[in-house]
Amino acid sequence: MQRPDYRRLRSLFFRLDPETAHNLTLRLLALAARFSPTRRWMAHLFDCRDPRLKSEVFGMRFRNPVGIAAGYDKNAIVVRALAALGAGHVEVGTMTPLPQRGNARPRIFRLPGDGALINRMGFPNAGAAAAAPRLALLRAHPTAARLGVNIGKGRDTLLEDALSDYREMLRKLHPYADYLVVNLSSPNTPGLRGLQAPVALEGFLAGFMENRAKVCPRMPVLLKIAPDLSLEEVDDVLMAISNHSLSGVVATNTTLSREGLRGAAHAEAGGLSGAPMSARSTEIIRHIYRRTSGALPIIGVGGVNSAAAALEKIRAGASLVQIYTGLVYSGPGLVWDSNARLLRDMDALGVESVTELVGSAA
(Lines give C-alpha, C1' and ligand atoms only; values in the text may rest on other atoms or scores of the structure.)
Protein backbone atom coordinates (compact mmCIF):
# COMPACT_ATOMS: atom_id res chain seq x y z
CA MET A 1 0.00 0.00 0.00
CA GLN A 2 1.38 3.41 -0.98
CA ARG A 3 1.90 5.93 1.80
CA PRO A 4 0.01 9.26 1.60
CA ASP A 5 1.91 12.19 0.10
CA TYR A 6 2.91 14.23 3.15
CA ARG A 7 3.75 17.29 1.06
CA ARG A 8 0.08 18.11 0.56
CA LEU A 9 -0.68 17.80 4.23
CA ARG A 10 2.38 19.89 5.11
CA SER A 11 1.20 22.73 2.88
CA LEU A 12 -2.02 22.85 4.89
CA PHE A 13 -0.27 22.69 8.26
CA PHE A 14 2.18 25.41 7.23
CA ARG A 15 -0.70 27.82 6.81
CA LEU A 16 -1.20 27.59 10.56
CA ASP A 17 0.90 28.96 13.40
CA PRO A 18 3.55 26.28 14.17
CA GLU A 19 2.29 25.54 17.68
CA THR A 20 -1.32 25.39 16.52
CA ALA A 21 -0.32 22.98 13.75
CA HIS A 22 1.60 20.82 16.20
CA ASN A 23 -1.27 20.66 18.67
CA LEU A 24 -3.66 19.74 15.84
CA THR A 25 -1.29 16.96 14.78
CA LEU A 26 -1.25 15.59 18.33
CA ARG A 27 -5.04 15.59 18.51
CA LEU A 28 -5.31 13.74 15.21
CA LEU A 29 -2.71 11.17 16.26
CA ALA A 30 -4.39 10.66 19.63
CA LEU A 31 -7.72 10.11 17.88
CA ALA A 32 -6.23 7.65 15.40
CA ALA A 33 -4.54 5.66 18.17
CA ARG A 34 -7.82 5.09 20.00
CA PHE A 35 -8.91 2.48 17.46
CA SER A 36 -7.06 -0.73 16.73
CA PRO A 37 -7.96 -0.73 12.99
CA THR A 38 -6.36 2.68 12.47
CA ARG A 39 -3.31 1.65 14.52
CA ARG A 40 -2.93 -1.44 12.34
CA TRP A 41 -3.30 0.69 9.20
CA MET A 42 -0.62 3.09 10.41
CA ALA A 43 1.70 0.21 11.24
CA HIS A 44 1.10 -1.35 7.82
CA LEU A 45 2.14 1.89 6.13
CA PHE A 46 5.01 3.02 8.34
CA ASP A 47 6.42 0.23 10.51
CA CYS A 48 9.63 -1.19 9.01
CA ARG A 49 10.13 -4.55 10.70
CA ASP A 50 13.31 -6.57 10.38
CA PRO A 51 15.23 -8.48 13.06
CA ARG A 52 18.49 -6.96 11.80
CA LEU A 53 17.36 -3.58 13.14
CA LYS A 54 17.14 -4.84 16.72
CA SER A 55 19.81 -3.92 19.23
CA GLU A 56 20.49 -3.97 22.94
CA VAL A 57 21.20 -0.59 24.51
CA PHE A 58 21.24 0.32 28.24
CA GLY A 59 20.56 -3.36 28.92
CA MET A 60 17.26 -3.48 27.01
CA ARG A 61 16.11 -4.47 23.56
CA PHE A 62 15.05 -1.88 20.97
CA ARG A 63 13.19 -3.05 17.87
CA ASN A 64 14.91 -0.44 15.71
CA PRO A 65 17.25 2.51 16.33
CA VAL A 66 14.97 5.35 15.17
CA GLY A 67 12.94 7.13 17.84
CA ILE A 68 11.09 10.34 18.63
CA ALA A 69 12.87 13.11 20.53
CA ALA A 70 11.62 14.78 23.69
CA GLY A 71 9.55 17.86 23.00
CA TYR A 72 7.30 16.26 20.41
CA ASP A 73 4.98 14.60 22.93
CA LYS A 74 5.46 16.59 26.12
CA ASN A 75 2.57 15.02 28.01
CA ALA A 76 2.68 11.40 26.77
CA ILE A 77 -0.60 11.58 24.86
CA VAL A 78 0.41 10.06 21.49
CA VAL A 79 2.93 7.35 22.41
CA ARG A 80 0.72 4.60 20.97
CA ALA A 81 0.34 6.46 17.70
CA LEU A 82 4.08 7.11 17.41
CA ALA A 83 4.77 3.44 18.13
CA ALA A 84 2.30 2.48 15.39
CA LEU A 85 4.21 4.79 13.04
CA GLY A 86 7.25 2.59 13.57
CA ALA A 87 9.27 4.43 16.23
CA GLY A 88 11.69 2.18 18.08
CA HIS A 89 11.43 4.41 21.12
CA VAL A 90 9.53 7.50 22.19
CA GLU A 91 10.97 9.99 24.65
CA VAL A 92 8.22 12.05 26.28
CA GLY A 93 8.59 15.36 28.10
CA THR A 94 10.31 17.44 29.19
CA MET A 95 8.15 17.05 32.31
CA THR A 96 8.35 19.09 35.51
CA PRO A 97 6.97 18.45 39.00
CA LEU A 98 4.18 21.01 38.68
CA PRO A 99 2.18 22.14 35.65
CA GLN A 100 3.60 25.18 33.88
CA ARG A 101 2.57 27.27 30.91
CA GLY A 102 6.03 27.92 29.56
CA ASN A 103 6.94 31.11 27.78
CA ALA A 104 4.51 33.43 26.06
CA ARG A 105 3.34 32.70 22.52
CA PRO A 106 4.45 32.87 19.78
CA ARG A 107 7.30 30.61 20.82
CA ILE A 108 7.92 28.34 17.81
CA PHE A 109 9.18 29.67 14.48
CA ARG A 110 9.69 27.87 11.18
CA LEU A 111 12.68 28.48 8.94
CA PRO A 112 11.65 26.42 5.88
CA GLY A 113 14.60 27.49 3.74
CA ASP A 114 16.92 26.18 6.44
CA GLY A 115 14.90 23.08 7.32
CA ALA A 116 14.89 24.34 10.89
CA LEU A 117 12.78 25.46 13.83
CA ILE A 118 13.48 27.91 16.63
CA ASN A 119 11.61 27.34 19.87
CA ARG A 120 11.53 29.03 23.23
CA MET A 121 8.83 26.86 24.75
CA GLY A 122 10.16 26.82 28.33
CA PHE A 123 9.00 23.31 29.33
CA PRO A 124 5.22 23.80 29.01
CA ASN A 125 3.60 20.65 30.34
CA ALA A 126 0.76 19.43 32.51
CA GLY A 127 3.04 18.25 35.31
CA ALA A 128 4.05 14.85 36.65
CA ALA A 129 0.75 14.13 38.39
CA ALA A 130 -1.23 14.59 35.17
CA ALA A 131 1.17 12.44 33.14
CA ALA A 132 1.41 9.58 35.63
CA PRO A 133 -1.97 7.93 34.84
CA ARG A 134 -1.22 7.93 31.10
CA LEU A 135 2.25 6.54 31.73
CA ALA A 136 0.80 3.90 34.06
CA LEU A 137 -1.62 2.79 31.34
CA LEU A 138 1.26 2.50 28.89
CA ARG A 139 3.16 0.39 31.43
CA ALA A 140 0.14 -1.86 31.91
CA HIS A 141 -0.42 -2.19 28.15
CA PRO A 142 2.96 -1.49 26.57
CA THR A 143 3.63 -0.66 22.95
CA ALA A 144 6.46 -2.09 20.83
CA ALA A 145 8.38 1.18 21.36
CA ARG A 146 10.58 1.71 24.39
CA LEU A 147 9.49 4.65 26.55
CA GLY A 148 11.88 7.31 27.79
CA VAL A 149 10.88 10.09 30.16
CA ASN A 150 12.74 13.39 29.96
CA ILE A 151 12.70 15.37 33.22
CA GLY A 152 13.50 18.98 34.07
CA LYS A 153 13.20 21.55 36.81
CA GLY A 154 10.34 23.97 37.25
CA ARG A 155 10.89 27.47 35.94
CA ASP A 156 10.33 29.02 39.37
CA THR A 157 12.62 26.58 41.19
CA LEU A 158 15.86 28.24 42.20
CA LEU A 159 18.93 26.76 40.56
CA GLU A 160 20.38 25.78 43.93
CA ASP A 161 17.17 23.82 44.60
CA ALA A 162 17.02 22.15 41.18
CA LEU A 163 18.13 18.77 42.49
CA SER A 164 14.97 18.49 44.59
CA ASP A 165 12.81 18.81 41.45
CA TYR A 166 14.75 16.10 39.64
CA ARG A 167 14.60 13.81 42.67
CA GLU A 168 10.85 14.30 42.85
CA MET A 169 10.46 13.46 39.16
CA LEU A 170 12.59 10.35 39.60
CA ARG A 171 10.44 9.18 42.49
CA LYS A 172 7.11 9.86 40.75
CA LEU A 173 7.82 8.67 37.23
CA HIS A 174 10.44 5.92 37.38
CA PRO A 175 7.85 3.11 37.68
CA TYR A 176 6.59 3.90 34.19
CA ALA A 177 9.80 4.54 32.23
CA ASP A 178 12.21 2.27 30.39
CA TYR A 179 14.84 4.98 30.82
CA LEU A 180 15.09 8.50 32.25
CA VAL A 181 16.81 11.51 30.71
CA VAL A 182 18.07 14.34 32.91
CA ASN A 183 17.69 17.54 30.91
CA LEU A 184 20.18 20.19 32.03
CA SER A 185 20.68 21.62 28.56
CA SER A 186 17.55 23.46 27.47
CA PRO A 187 18.38 27.07 26.58
CA ASN A 188 14.85 28.19 27.45
CA THR A 189 14.89 27.74 31.24
CA PRO A 190 16.97 30.57 32.71
CA GLY A 191 20.23 29.40 34.24
CA LEU A 192 19.62 25.69 33.59
CA ARG A 193 22.71 25.17 31.43
CA GLY A 194 24.84 26.40 34.32
CA LEU A 195 24.34 22.97 35.88
CA GLN A 196 26.55 21.52 33.12
CA ALA A 197 29.60 23.34 34.53
CA PRO A 198 32.07 20.85 36.11
CA VAL A 199 31.65 21.64 39.83
CA ALA A 200 27.89 22.08 39.57
CA LEU A 201 27.46 18.94 37.50
CA GLU A 202 29.55 16.80 39.84
CA GLY A 203 27.49 17.88 42.83
CA PHE A 204 24.19 17.48 40.98
CA LEU A 205 24.93 14.01 39.63
CA ALA A 206 26.28 12.83 42.98
CA GLY A 207 23.00 13.78 44.65
CA PHE A 208 20.78 12.51 41.86
CA MET A 209 22.48 9.15 41.43
CA GLU A 210 22.57 8.60 45.19
CA ASN A 211 18.81 9.01 45.16
CA ARG A 212 18.47 6.74 42.13
CA ALA A 213 20.46 4.02 43.96
CA LYS A 214 17.85 4.10 46.74
CA VAL A 215 14.72 4.40 44.61
CA CYS A 216 15.37 2.51 41.35
CA PRO A 217 18.95 1.21 41.13
CA ARG A 218 18.41 -0.56 37.79
CA MET A 219 16.81 2.38 35.99
CA PRO A 220 18.98 3.60 33.08
CA VAL A 221 19.73 7.32 33.51
CA LEU A 222 21.05 9.45 30.65
CA LEU A 223 22.21 13.05 30.53
CA LYS A 224 21.11 15.34 27.68
CA ILE A 225 23.82 17.84 26.78
CA ALA A 226 24.01 21.07 24.82
CA PRO A 227 25.68 21.37 21.41
CA ASP A 228 27.17 24.72 22.44
CA LEU A 229 29.70 23.11 24.78
CA SER A 230 33.28 23.13 23.57
CA LEU A 231 34.87 19.72 23.11
CA GLU A 232 36.93 20.38 26.24
CA GLU A 233 33.69 21.04 28.13
CA VAL A 234 32.23 17.85 26.69
CA ASP A 235 35.22 16.02 28.15
CA ASP A 236 34.42 17.49 31.57
CA VAL A 237 30.84 16.26 31.22
CA LEU A 238 32.06 12.80 30.23
CA MET A 239 34.25 12.69 33.32
CA ALA A 240 31.25 13.45 35.52
CA ILE A 241 29.16 10.84 33.69
CA SER A 242 31.89 8.26 34.28
CA ASN A 243 32.38 9.26 37.92
CA HIS A 244 28.72 8.70 38.67
CA SER A 245 28.06 5.72 36.39
CA LEU A 246 25.32 7.12 34.19
CA SER A 247 23.98 4.80 31.52
CA GLY A 248 24.45 7.05 28.51
CA VAL A 249 24.22 10.48 26.94
CA VAL A 250 21.76 12.23 24.63
CA ALA A 251 23.68 14.39 22.17
CA THR A 252 22.42 17.01 21.64
CA ASN A 253 19.78 19.52 22.64
CA THR A 254 18.99 22.63 20.58
CA THR A 255 21.63 25.28 19.88
CA LEU A 256 21.91 29.02 20.40
CA SER A 257 24.06 29.33 17.28
CA ARG A 258 22.59 31.11 14.27
CA GLU A 259 25.49 30.55 11.89
CA GLY A 260 24.51 30.37 8.23
CA LEU A 261 20.76 30.83 8.69
CA ARG A 262 18.73 32.45 5.94
CA GLY A 263 15.23 32.39 7.41
CA ALA A 264 13.52 35.63 8.40
CA ALA A 265 12.96 34.27 11.92
CA HIS A 266 16.67 33.64 12.54
CA ALA A 267 16.90 36.47 15.09
CA GLU A 268 14.17 35.02 17.33
CA ALA A 269 15.34 33.96 20.78
CA GLY A 270 15.35 30.27 21.61
CA GLY A 271 16.94 26.99 20.65
CA LEU A 272 17.55 26.09 17.02
CA SER A 273 16.80 22.57 15.83
CA GLY A 274 16.90 20.89 12.45
CA ALA A 275 19.30 20.65 9.55
CA PRO A 276 21.67 23.53 10.45
CA MET A 277 22.80 21.82 13.63
CA SER A 278 23.29 18.37 12.15
CA ALA A 279 27.04 18.68 11.62
CA ARG A 280 27.70 19.97 15.15
CA SER A 281 25.68 17.27 16.88
CA THR A 282 27.40 14.61 14.76
CA GLU A 283 30.79 16.08 15.64
CA ILE A 284 29.98 15.78 19.34
CA ILE A 285 28.67 12.23 18.89
CA ARG A 286 31.88 11.21 17.14
CA HIS A 287 33.98 12.92 19.84
CA ILE A 288 32.11 11.10 22.63
CA TYR A 289 32.41 7.76 20.86
CA ARG A 290 36.16 8.18 20.40
CA ARG A 291 36.77 9.49 23.92
CA THR A 292 34.90 6.58 25.50
CA SER A 293 36.07 3.96 22.97
CA GLY A 294 32.42 3.26 22.25
CA ALA A 295 31.71 2.19 25.82
CA LEU A 296 29.15 4.94 26.57
CA PRO A 297 25.86 4.50 24.69
CA ILE A 298 24.81 7.59 22.75
CA ILE A 299 21.39 8.71 21.54
CA GLY A 300 22.05 11.00 18.60
CA VAL A 301 19.66 13.87 17.97
CA GLY A 302 19.89 17.08 16.01
CA GLY A 303 19.24 17.47 12.30
CA VAL A 304 18.04 13.94 11.59
CA ASN A 305 15.93 15.06 8.64
CA SER A 306 16.70 12.24 6.22
CA ALA A 307 17.64 8.59 6.10
CA ALA A 308 21.19 9.65 5.22
CA ALA A 309 21.40 11.87 8.33
CA ALA A 310 20.26 9.00 10.56
CA LEU A 311 22.89 6.73 9.05
CA GLU A 312 25.58 9.39 9.51
CA LYS A 313 24.88 9.69 13.22
CA ILE A 314 24.87 5.94 13.73
CA ARG A 315 28.15 5.53 11.87
CA ALA A 316 29.58 8.39 13.99
CA GLY A 317 28.79 6.41 17.14
CA ALA A 318 25.11 6.76 18.06
CA SER A 319 23.42 3.52 19.06
CA LEU A 320 20.02 5.17 18.66
CA VAL A 321 18.83 8.32 16.89
CA GLN A 322 15.88 10.63 17.45
CA ILE A 323 13.85 12.90 15.21
CA TYR A 324 11.55 15.87 15.80
CA THR A 325 12.08 18.74 13.36
CA GLY A 326 12.51 16.15 10.61
CA LEU A 327 8.91 15.03 11.24
CA VAL A 328 7.71 18.59 10.66
CA TYR A 329 9.39 18.87 7.26
CA SER A 330 9.47 15.26 6.03
CA GLY A 331 6.50 13.66 7.78
CA PRO A 332 6.10 10.30 9.54
CA GLY A 333 7.55 8.40 6.58
CA LEU A 334 10.97 9.54 7.77
CA VAL A 335 11.02 6.77 10.40
CA TRP A 336 10.35 4.07 7.79
CA ASP A 337 12.76 5.63 5.29
CA SER A 338 15.55 5.77 7.86
CA ASN A 339 15.15 2.15 8.88
CA ALA A 340 14.86 1.01 5.27
CA ARG A 341 18.04 2.91 4.36
CA LEU A 342 19.87 1.22 7.22
CA LEU A 343 18.80 -2.17 5.89
CA ARG A 344 19.97 -1.31 2.38
CA ASP A 345 23.36 -0.21 3.67
CA MET A 346 23.65 -3.34 5.76
CA ASP A 347 22.97 -5.40 2.64
CA ALA A 348 25.59 -3.46 0.69
CA LEU A 349 28.17 -3.89 3.44
CA GLY A 350 27.30 -7.50 4.15
CA VAL A 351 26.56 -6.95 7.85
CA GLU A 352 23.91 -8.80 9.80
CA SER A 353 23.03 -6.32 12.53
CA VAL A 354 22.59 -2.56 12.81
CA THR A 355 24.95 -2.67 15.78
CA GLU A 356 27.80 -3.31 13.34
CA LEU A 357 27.22 0.14 11.83
CA VAL A 358 27.57 1.95 15.17
CA GLY A 359 30.82 3.90 15.17
CA SER A 360 31.95 2.45 11.83
CA ALA A 361 32.95 5.96 10.65
CA ALA A 362 34.05 7.42 14.00
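**Pockets and linings**

Reply: We can begin with the second largest pocket, which 38 residues line; A70, N119, N253, T254 and Y324 are the ones nearest its centre. A pocket here is an open set of points on a 1 Å grid over the protein atoms alone, where a 1.4 Å probe fits and protein lies on both sides within 12 Å along at least five of seven lines; a lining residue has an atom within 4 Å of a point. The model is predicted, so local features need pLDDT of at least 70 and side-chain atom pairs pLDDT 80 or more, while totals for chains, interfaces and linings use all residues. Residues are numbered from 1 along each chain as its sequence is written, and side-chain values use heavy atoms, without hydrogens and water.

Me: What volume does the second largest pocket have?

Reply: Its volume is about 530 Å³. A volume is the space filled by probe spheres set on the grid points, which are joined across faces, edges and corners.

Me: Which elements give two or more residues to its lining?

Reply: They are β6 (116–119), β11 (271–274), β13 (320–323) and α11. Helix α11 supplies the largest share, 4 residues. Helices (H or I, at least four residues) and strands (E, at least two) are DSSP runs numbered from the N terminus.

Me: And by class, how many residues of that lining are nonpolar, polar and charged?

Reply: There are 15 nonpolar, 21 polar and 2 charged residues. Nonpolar covers Ala, Val, Leu, Ile, Met, Phe, Trp, Tyr, Cys and Pro; charged covers Asp, Glu, Lys and Arg; the others, Gly among them, are polar.

Me: What about the volume of the largest pocket?

Reply: The largest pocket has a volume of about 920 Å³. Its lining comprises 39 residues, with Y6, L9, F13, T25 and P332 nearest the centre. Two or more lining residues come from each of α1 (6–13), α2 (18–33), α3 (36–46), β5 (108–111), α11 (325–330) and α12 (333–349).

Me: Which element gives the most to the lining of the largest pocket?

Reply: That is α2, with 7 residues. By class, the lining of the largest pocket has 27 nonpolar, 6 polar and 6 charged residues.

Me: Changing topic to the strands: why is β8 described as largely enclosed?

Reply: Strand β8 (residues 179–183) has 5 of its 5 residues buried, so the rest of the structure largely encloses it. Buried means under 20% relative accessible area, exposed means over 50%, and partly exposed lies in between (1.4 Å probe, protein chains only).

Me: Which residues of β8 point one way, and which the other?

Reply: Y179, V181 and N183 point one way, L180 and V182 the other way, and all are buried.

Me: How many bridges join β7 to β8?

Reply: There are 4 bridges between β7 (residues 146–151) and β8, and the two strands run parallel. Strands pair if DSSP finds at least two bridges between them. In this pairing, I151 stands opposite V182. Right-handed means that, with the strands pointing away from the viewer, the path from the first strand over the helix to the second runs clockwise.

Me: And how many bridges join β8 to β9?

Reply: Here too 4 bridges are found, joining β8 in parallel to β9 (residues 221–225). V182 is placed opposite L223 of β9. With helix α7 (residues 198–215), these two strands make a right-handed β-α-β unit.

Me: Now the loops. Which peptide bonds are cis?

Reply: One joins R105 and P106, with omega about 0 degrees; another runs from A251 to T252, with omega near 15 degrees. P106 lies in the loop between β4 and β5, and T252 in the loop between β10 (248–251) and β11.

Me: What does G102 touch?

Reply: Leaving aside residues up to four places away in sequence, G102 touches R107, M121, G122 and P124 (contact means heavy atoms within 4.5 Å). G102 sits in the loop between β4 (89–95) and β5 and is partly exposed, at 26% relative accessible area.

Me: Last item: what is the phi of F58?

Reply: Phi of F58 is near 55 degrees, a positive value in a residue other than glycine. F58 is in the loop between β1 (55–57) and β2 (60–62) and counts as buried at 14% relative accessibility. A76, also not a glycine, has a positive phi of about 60 degrees; it is buried, with a relative accessible area of 4%.
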